[in-house]
Amino acid sequence: MTLAFVLLAVRVGSERAVIKKLLEHVEVEDAHILFGEYDIILKVNTEDNTALQSFVLERIRSIQDVEQ
């Protein structure tokens, strides 16, 4: 298992909606709003680094309001 903490920057005001979408994925164990350069921190658990990369590139980055 690969445990990772992922930092996201999202469109202003979309934090709660993005977290709601992210928590629909079994890989996301926890999510919190931050204040500062990044808006959200995720605790993600995947099978391995390849699955983590795929999850970030295909699932997280496909969410419309995710900017970084």
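What follows is a short chat about the predicted model above.

Me: What should I know before reading the numbers?
Reply: This is a predicted model, where local features need pLDDT of at least 70 and side-chain atom pairs count only at pLDDT 80 or more, while totals for chains, interfaces and linings use all residues. Residues are numbered from 1 along each chain as its sequence is written, and side-chain values use heavy atoms, with hydrogens and water left out.

Me: OK. How do strand 2 and strand 3 run, and how many bridges join them?
Reply: Strand 2 (residues 28–33) and strand 3 (residues 40–46) run antiparallel, joined by five bridges. Strands here are DSSP runs of E with at least two residues, helices are runs of H or I with at least four, and both are numbered from the N terminus. Two strands pair if DSSP finds at least two bridges between them.

Me: What is the bridge partner of D30?
Reply: K43, in strand 3.

Me: And what lies between the two strands?
Reply: Six residues, and the two strands form a hairpin. In the turn, G36 has a positive phi of about 140°.

Me: New topic. How many residues are in the largest nonpolar core?
Reply: It has 18 residues, and L8, V18, L22, I40, L42, I60 and V66 have the most contacts inside it. Strand 1 (2–8), helix 1 (15–22), strand 2, strand 3 and helix 2 (49–60) each give two or more residues to this core. Helix 2 gives the largest share, four residues. A nonpolar core means a set of buried Ala, Val, Leu, Ile, Met, Phe, Trp, Tyr and Cys residues joined through side-chain atoms within 4.5 Å. Buried is under 20% relative accessible area, exposed is over 50%, and partly exposed is in between (1.4 Å probe, protein chains only).

Me: What does L42 touch?
Reply: Leaving out residues up to four places away in sequence, L42 touches A4, F5, V6, L8, L22, V28, D30, A31 and I60. A contact means heavy atoms within 4.5 Å.

Me: Which residues of helix 1 are buried?
Reply: E15, V18, I19 and L22. Seen down the axis of helix 1, they fall within an arc of 100°, so they line one face of the helix. The arc is that of the directions from the helix axis to the C-beta atoms. R16 and K20, on the other side, are exposed.

Me: What covers that buried face?
Reply: The cover of the buried residues includes strand 1, strand 2, strand 3 and helix 2.

Me: How many salt bridges does the structure hold?
Reply: Three. One of them joins R11 to D65, with the closest N and O atoms 2.9 Å apart. R11 is in the loop between strand 1 and helix 1 and D65 in the segment after helix 2, 54 residues apart.

Me: Is D65 buried or exposed?
Reply: D65 counts as buried, at 13% relative accessibility. R11 counts as partly exposed, at 42%.

Me: And the others?
Reply: E27 pairs with R59, the closest N and O atoms being 3.7 Å apart. E27 lies in the loop between helix 1 and strand 2 and R59 in helix 2, so this pair ties together parts that are 32 residues apart in sequence. K43 forms a salt bridge with E29, with closest N and O atoms 3.6 Å apart.

How values were computed
A salt bridge is a side-chain nitrogen of Lys or Arg within 4 Å of a carboxyl oxygen of Asp or Glu.
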